[in-house]
Amino acid sequence: MGKLDYWLADARRGQETRWMKRFAPTHWTVNFPRPMMASVVTTGPDALRVDATFYGSSELAGLIWEAVDGWSHPLLAYETARDFRACVLRFRWRSGGLRKLDETHGPTLTIEGRDAEGNPRAWYVRLWNYANGGPEDAVITLDFAALEGGFLLPEEADPVWAGDVDRMFISLVPPDYDAGDTPFASGVEGWAELSDMACDGAGSVLATGDIMVPDHGLAMATGYDDCFNQTPERVVAAIHALGYRGAINHYVGMSHYFRLERPDPSSAEGLYVSLTGGALNAPCAAWHRDFARRAKALGFDVIWSLSYELFDAHCWNDWKQRAENGDPALTGWVPPSTLLSPAHGGAMGYVQAVASAFVSIGLEVGLPILFQVGEPWWWVVPGDGRICIYDDAARAAFGGSPVSIASIWTPLDETQCALLDQAGAVLAASTAALCAAVKAVAPGAVTHLLAYLPTILDPRAPQAKRANMPLGWAAPAFDVLQLEDYDWVTEERPGLTARGIELATARLGYPIEEQHYFSGFVLLPEQAGQWRAIAAAAQASVDRGTAATFIWALPQACRDGFTAFRINGEGAMQAFDDIVFPLGIGREASLSPAFSTQIVESPSGHERRSSDWADARLSFDAGPGVRSEADIATLIAFFRARRGAARGFRFSDPYDDRSGAPGQAPGPIDQRLGVGDGVQASFQLTRYYGAGEDAQARIITRPVAGTIRVAADGVELTSGWSHAGMGIIAFDEAPAAGVLLTAGFRFDVPVRFAEDRLDINRATFAAGEAPSVPLVEIREWA
């Protein structure tokens with residue numbers, strides 16, 4: 001299939017484009033303040049629908065069109081066109097449960113941009129002034145070259161200059177909207193539909209990306225909390241266009257799916273998740289029905305992922321996991337989420353109802369039901385290692401007075417370990433009950449468990465797995481084991497990844513063909529360099545035979561332009577066989593190091609020299625090592641197995657094969673490896689020639705197994721690091737700032753046959769003439 005590679009696209013440069021109509025239904029978004037909810041879906045090629053649920057008299061949702069496409073992948077984005085004056089937009093407006101077109105605070109088009117002099121401005125265009133029909137069913141025509149803001153026209157006319165627009169949005173508010181703080185006793189649902197949408201005029205079309213990345217074998221993981229504001233049609237089409245196939249692992253989220261209720265309907269204080277009226281709010285249900293339908297239409301399955309994480313502000317207090325002093329389990333998100341107690345019947349009953357609602361949507365559209373229990377665990381407080389197994393429900397499950405565990409990072413006695421075993425049993429029972437609830441709705445459901453390795457297998461807490469990777473999860477408790485470790489990946493600790501997967505496999509017993517792996521994600525735009533490690537981890541997952549490998553997640557891939565692809569054709573010629581040239585040639589081989597230097601000579605004889613290569617490229621002639629007809633047979637067999645120049649292999653350079661002096665065993669301080677900064681955990685083996693800043697650096701990608709030695713500040717390290725492949729030394733923990741890292745090693749040179757033809761004359765060989773066997777070094781990068 002070829003090797004996985006990627007690039008970070010910041011714009012289209014020659015890729016396919018097409019034309020789309022400005023104001024295309026697929027590319028509108030929504031936004032709104034908490035606690036209300038809203039979603040937008042396309043209902044036809046020229047129609048969209050917004051659903052909203054309001055909980056107070058000040059809440060307002062916006063249906064948004066932006067001049068700059070800030071949500072699409074750069075290869076799929078529409079062009080930026082801020083001048084709307086050559087556009088006329090028409091649509092039929094229908095609504096219910098909202099403030100009407102003819103009322104104060106009725107649907108208003110807010111246009112944000114700059115006036116003709118470049119001053120920031122906003123205009124408020126009352127849609128009723130441009131409507132033909134009734135207050136809940138009308139045809140609206142907006143000519144952006146002759147548009148007037150203001151409530152009453154012509155008395156309050158505020159001419160719009162639409163030549164430099166950032167964005168515009170249509171406001172949607174509940175019937176009792178007053179911009180105040182009056183709470184609603186229960187959620188108020190409303191909707192609006194724009195149909196027969198048409199945009200005319202010279203500015204009515206936009207260029208947009210029309211790429212179709214070939215299937216690269218990876219799948220996509222995403223989440224509703226990250227893409228709730230976009231149409232499902234846009235989200236699913238992007239996943240397909242970027243080459244992802246198989247199942248979409250869709251995390252239903254922790255902050256946008258729920259219904260809410262007030263314990264005291266007359267009070268503005270307290271909104272908590274509720275099953276009254278159903279498990280899912282109306283906007284979420286509408287979005288996911290369309291999402292499931294769009295996924296099926298493009299050949300995707302959907303893995304419905306539900307975790308024990310819930311937005312803290314709306315979680316019932318007795319549902320929360322708690323530390324021994326009563327502190328709730330809170331994540332680092334702002335605002336935070338909390339973790340539901342696996343011991344609390346009400347919390348677990350709620351999760352089961354939510355899961356049943358989502359898989360029912362999958363059944364409605366005819367999708368096979370794939371369900372994931374996402375990262376279920378007892379929370380460990382990041383700052384001090386307190387484990388949150390002391391909420392009232394958990395205490396009762398553990399006998400009423402469980403032993404104290406001040407920190408899971410400290411050595412634990414038998415009684416404390418027994419408590420962790422009890423916690424693990426409760427956790428396993430809760431996940432089993434959740435899967436049973438799903439199978440009650442969909443008997444053929446395939447169940448998945450997603451485990452986050454850095455927390456479960458934290459080297460600081462060797463007993464944590466008792467609680468957070470319980471033996472009750474061992475096969476066949478689930479059909480598929482899913483593993484993720486994005487902290488280890490982005491910190492470039494592949495050694496921990498390999499060991500974590502090995503430990504999880506051994507503990508739970510799921511073979512690699514019954515595992516999935518999640519690689520990623522990149523939290524911030526300035527961390528885009530982490531995609532290199534993510535792509536490498538994904539390739540490693542494919543190489544070890546994982547059933548499916550996912551990239552997490554779509555919004556970050558679009559933000560950074562992450563574009564995965566497989567190197568086939570020419571890339572296939574980079575195949576490498578990790579074996580050594582079979583003939584021991586000693587020092588009879590010839591060696592030719594070469595650089596590439598551009599020299600420009602002036603008429604006066606002065607030169608300007610530019611070195612194109614940072615490192616020499618070596619050429620060898622291994623012919624002198626052929627000493628017998630048996631050697632010739634060995635050489636021919638090896639040449640044929642390499643398919644001539646097609647496949648690389650290792651070659652031991654008789655003149656330069658180690659980090660130190662010729663003939664000396666490698667020592668741990670031979671070569672500089674790097675300097676710790678407290679963050680970086682992986683370093684490249686390098687052989688330096690010369691001294692100081694002008695030393696020529698040679699990247700070592702093929703060290704000899706068993707010869708690597710590593711030191712920190714001159715002290716050899718016998719553990720805490722591993723060779724991750726390609727000369728990368730991966731430390732279990734990032735070396736502290738200022739620590740000098742060194743290494744010693746032997747190494748081979750990656751080479752290939754220089755030609756696809758091998759000429760050997762038996763007569764001249766018998767007369768003592770050595771054949772020519774030219775080899776050339778291969779450039780490799782980790």
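In which hand does helix 2 pass helix 3?

**View 1. Crossing of helix 2 and helix 3 in the predicted model.** The crossing of helix 2 past helix 3 is right-handed. Pro232, Glu233, Val235 and Val236 of helix 2 make the contact with Trp287, Asp290, Phe291, Arg294 and Ala295 of helix 3. By class, the residues of this contact comprise 6 nonpolar and 3 charged, with no polar residue. The axes of helix 2 (residues 232-241) and helix 3 (residues 282-297) cross at roughly 35° and come within 9 Å.

**View 2. Salt bridge between Asp69 and Arg234.** The side chains of this pair meet at 2.7 Å, N to O.

**View 3. Salt bridge between Asp577 and Arg647.** The N to O distance is 2.9 Å. Because Asp577 lies in strand 30 (residues 576-580) and Arg647 in the loop between helix 13 (629-641) and strand 35 (648-651), the pair ties together parts that are 70 residues apart in sequence. Asp577 is buried, its relative accessible area being 14%, whereas Arg647 is partly exposed at 25% relative accessibility.

**View 4. Salt bridge between Arg757 and Asp759.** The closest N and O atoms of the two residues are 2.9 Å apart. Arg757 is exposed, with 58% relative accessible area, while Asp759 is partly exposed at 47%.

**View 5. Network of Arg82, Arg114, Asp164 and Asp166.** Salt bridges with shared partners join these four residues into one network. The structure holds 39 salt bridges.

Note on methods. Residues are numbered from 1 along each chain as its sequence is written. This is a predicted model: local features need pLDDT of at least 70, side-chain atom pairs count only at pLDDT 80 or more; totals for chains, interfaces and linings use all residues. Side-chain values use heavy atoms; hydrogens and water are left out. Axes are lines fitted to C-alpha atoms, for helices over the stretch in contact, and angles run from 0 to 180 degrees between N-to-C directions. Helices (H or I, at least four residues) and strands (E, at least two) are DSSP runs, numbered from the N terminus. A crossing is left-handed if the near helix is turned anticlockwise from the far one by less than a right angle, and right-handed if clockwise. Contact means heavy atoms within 4.5 Å. Ala, Val, Leu, Ile, Met, Phe, Trp, Tyr, Cys and Pro count as nonpolar, Asp, Glu, Lys and Arg as charged, and the others, Gly among them, as polar. Buried means under 20% relative accessible area, exposed over 50%, partly exposed in between (1.4 Å probe, protein chains only).
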